[in-house]
Number of protein chains: 2
Amino acid sequence: MSAKISPLAPARQPQMPAIAGVRLGSVEAGIRYRNRTDLSAIVFDHPAQVAGVFTRSKCPSAPVDWCRKNLAGGRARCVVINSGNANAFTGKLGVASVKESARSASEIFGCKKGEVFLASTGVIGEPLDASRISAALPALKQKVREDQWPDVASAIMTTDTFAKLSTRSFTVEGKTWHLNGIAKGAGMIAPDMATMLSFLVTDLPVDAGILQGLLSKNIGGTFNAITVDSDTSTSDTVLLFSACNGEKPIRDARHKAVKALGKALGEVLHELALMVVCDGEGATKQVEIKVTGAKSAKSAKRVAMSIANSPLVKTAIAGEDANWGRIVMAVGKAGEPADRDRLAIWFGDIRVAHEGQRDGAYDEAAASAVMKQDRIPVRVDLGLGKGEATVWTCDLTKEYVAINGDYRS
Amino acid sequence: MSAKISPLAPARQPQMPAIAGVRLGSVEAGIRYRNRTDLSAIVFDHPAQVAGVFTRSKCPSAPVDWCRKNLAGGRARCVVINSGNANAFTGKLGVASVKESARSASEIFGCKKGEVFLASTGVIGEPLDASRISAALPALKQKVREDQWPDVASAIMTTDTFAKLSTRSFTVEGKTWHLNGIAKGAGMIAPDMATMLSFLVTDLPVDAGILQGLLSKNIGGTFNAITVDSDTSTSDTVLLFSACNGEKPIRDARHKAVKALGKALGEVLHELALMVVCDGEGATKQVEIKVTGAKSAKSAKRVAMSIANSPLVKTAIAGEDANWGRIVMAVGKAGEPADRDRLAIWFGDIRVAHEGQRDGAYDEAAASAVMKQDRIPVRVDLGLGKGEATVWTCDLTKEYVAINGDYRS
């Protein structure tokens with residue numbers, strides 16, 4: 001947690017409704033930090049249905065392995081989350097630590113180990129002392145309540161400067177349902193996924209298979225369309241739960257309520273993903289990069305990510321410089337089909353380049369005004385086809401270097 | 001050109017021998033800078049044989065297109081180089097500018113346009129006024145001499161903080177030959193190639209086809225094994241000339257003298273490439289990353305580049321932090337075969353991680369001592385096969401952000 005809140009933080013936090021049968025909370029377990037909460041749990045009174053997506057890192061953390069395994073069962077009773085230690089690259093000790101945490105949680109919350117989900121974020125390579133988790137779980141059990149969403153969103157933070165919460169309600173056939181989501185993440189944010197944890201819970205009773213389909217479908221344009229620094233964490237985890245509260249889960253993907261949940265999920269994931277970008281380490285600008293006219297959507301996304309990950313583009317944006325030459329450079333290095341003489345580039349509504357050269361009507365003052373905004377839209381048209389993609393990133397500042405050169409995350 | 005010289009600059013410049021029949025020099029053409037030379041030429045008294053490699057950018061500059069076309073002829077009489085303007089993404093104006101520059105040079109130096117090679121470096125997207133080049137060429141013709149290698153190495157600089165020169169001599173059957181090389185480049189350095197220009201000249205008479213083979217063979221482990229910021233320029237150009245001075249060029253690739261030239265070329269390219277890394281914008285550390293035990297050499301190089309391009313690894317090195325967790329992260333994100341529990345990592349001779357966890361004998365003080373060095377060797381063994389690769393990079397500092405957020409390159 002940083003003392004200075006990102007200038008791009010939302011002006012206010014949403015009011016998070018209670019979700020029946022879902023209680024959560026956090027305590028100070030002393031895992032790494034002092035004088036702050038670092039151990040959280042989300043507890044389901046009845047077995048919940050669960051879906052998840054994880055980092056594509058070839059060196060995932062021990063808790064990621066654990067969750068992947070349990071996901072096959074499709075049922076959850078609790079998720080236990082710690083910050084301060086990622087339990088990643090901890091070898092056999094890491095596996096033992098996960099097993100011990102899951103054993104304690106299953107005892108405390110009265111469920112099977114296969115219904116316990118675990119997530120850890122923080123330093124990599126340090127053994128995680130599971131006895132601290134076991135020792136703190138009884139106190140945590142006493143603290144979980146239905147209204148603790150903001151509290152848990154804070155407890156899972158590492159280098160984040162603000163808690164990330166989003167919620168939607170949707171009404172189907174006279175009945176109102178809810179979807180609450182929280183996330184953490186500020187650096188090492190790149191596709192696919194990020195140093196990012198996100199937990200989403202709905203009260204609509206939906207089968208795990210359908211949840212998984214909704215999550216997988218919506219992740220590509222949200223959490224997998226953002227990048228802070230092109231780095232990918234070993235620990236990225238998004239879990240989506242349906243707290244069925246004993247009701248029979250819906251198994252029909254075409255059910256009206258499922259469609260409404262899918263829409264809400266897309267919105268909540270989009271909001272949370274953009275909050276992660278806005279909390280990008282050292283960020284002072286949010287940048288939306290839209291690529292059109294590519295040979296395919298996949299090609300468009302690769303070009304967009306090449307721009308979004310370019311240090312030269314990101315430092316120019318930090319310097320409020322409408323340096324479209326660096327955009328051309330980043331298009332060129334993407335390795336995707338591009339024709340120099342068909343390229344057009346806009347900052348906001350200002351077309352700065354057209355047909356392979358500076359736009360004749362280009363007004364540097366107008367482009368500079370766009371660059372002074374907090375949120376900068378960049379559009380690149382390749383002029384080749386109909387492929388489109390939009391991704392989001394932030395600028396690269398001296399503060400990013402300071403945060404990551406001094407703090408051992 | 002920056003006022004502050006990189007702390008990693010070589011202590012002294014090499015003495016560059018004259019190469020018979022090769023004259024060079026520079027003048028102030030006022031292309032962008034004031035009070036410094038910005039237009040250079042290397043002139044061959046007799047037709048030279050020439051080979052080249054260029055950026056793989058899909059949006060190359062107009063001079064790159066021009067050189068690629070002329071390379072087919074295999075003969076050169078001069079190369080004209082300007083700094084301050086890259087003539088990249090300048091559309092039809094850029095093509096016209098190249099034609100006009102080549103026409104002037106062919107008149108001034110008395111050769112065909114197809115024997116004129118051109119290179120430009122500097123700002124992208126601004127039209128390059130060829131009349132400034134034409135106007136300055138007569139004065140440049142008067143200034144070219146055999147001893148002006150340092151002068152030209154300085155005139156081609158942009159954000160470089162020191163001139164980059166390297167030379168080797170080799171003796172075959174009692175006769176001594178020479179290879180001189182100069183380069184510029186400090187940012188936008190990534191494979192394949194860099195915002196990098198390099199010109200190499202030998203007096204050994206060698207056929208263009210053989211030169212091309214030698215250059216292509218030696219570029220992979222030198223200029224294509226360095227990265228400053230993962231960005232790739234539109235203008236990268238390496239040209240290798242044999243000033244045959246009327247002698248018949250050697251056409252036998254197995255000739256002793258060709259082998260000696262190949263060895264010298266490897267050494268000169270290696271020296272120049274490492275100078276580019278040491279002049280990386282804002283760099284305070286040179287980092288050598290050696291990956292062993294990969295499934296293949298290609299896989300090893302991808303993993304090495306993933307480490308070398310990771311902002312989190314590079315900022316940790318700037319902070320002198322032996323943060324091997326970030327190395328694990330970068331191995332994991334490379335997408336290449338890796339087994340978390342077989343990984344071993346060294347900083348210098350200090351093994352910090354072994355079999356998927358922190359080395360039992362790991363001494364943080366000893367690792368910290370390595371991190372304080374100017375030149376930091378990092379080794380990663382994947383434990384899977386025999387593939388190896390070595391790449392070089394530099395750290396990522398606040399100064400990099402300052403240089404690229406303020407200066408419009």
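Residues are numbered from 1 along each chain as its sequence is written, while chains are lettered from A and ligands numbered from 1 in the order in which they are written. Because this is a predicted model, local features need pLDDT of at least 70 and side-chain atom pairs count only at pLDDT 80 or more, whereas totals for chains, interfaces and linings use all residues.

**Stop 1: where the chains meet**

**Stop 2: helix H9 of chain B**

Select residues 324–333 of chain B. Helices (H or I, at least four residues) and strands (E, at least two) are DSSP runs, numbered from the N terminus. In H9(B), 10 of the 10 residues are buried, so this helix is largely enclosed by the rest of the structure. Buried means that 20 or more other C-beta atoms lie within 10 Å of the residue's own; exposed means 12 or fewer, with partly exposed in between. Among the buried residues are Trp324(B), Arg326(B) and Lys333(B). The cover includes strand S4 (116–123) of chain A and, from chain B, helix H7 (297–308). Just after H9(B), pick Gly335(B), which takes a positive phi of about 80°.

**Stop 3: two helices in chain B**

Select H2 (residues 91–109) and H3 (residues 130–143) of chain B. They pack at an angle of about 20°, with their axes 9 Å apart. Their contact residues include Ser97(B) and Phe109(B) of H2(B), and Ala130(B) and Lys141(B) of H3(B). The contact divides into 7 nonpolar, 4 polar and 2 charged residues.

**Stop 4: a loop in chain A**

Go to the loop between strand S3 (75–85) and H2 of chain A, where Asn87(A) sits. Phi of Asn87(A) is near 50°, a positive value in a residue other than glycine. Which other residue is in the loop between S3 and H2 of chain A? Phe89(A) is there, with a positive phi of about 55°. Most residues other than glycine have a negative phi. Asn87(A) counts as buried, with 33 C-beta neighbours inside 10 Å. Phe89(A) counts as buried too, with 29.

Notes: Axes are lines fitted to C-alpha atoms, for helices over the stretch in contact, and angles run from 0 to 180 degrees between N-to-C directions. Two residues are in contact if their C-beta atoms, placed from the backbone, lie within 7 Å. Ala, Val, Leu, Ile, Met, Phe, Trp, Tyr, Cys and Pro count as nonpolar, Asp, Glu, Lys and Arg as charged, and the others, Gly among them, as polar.
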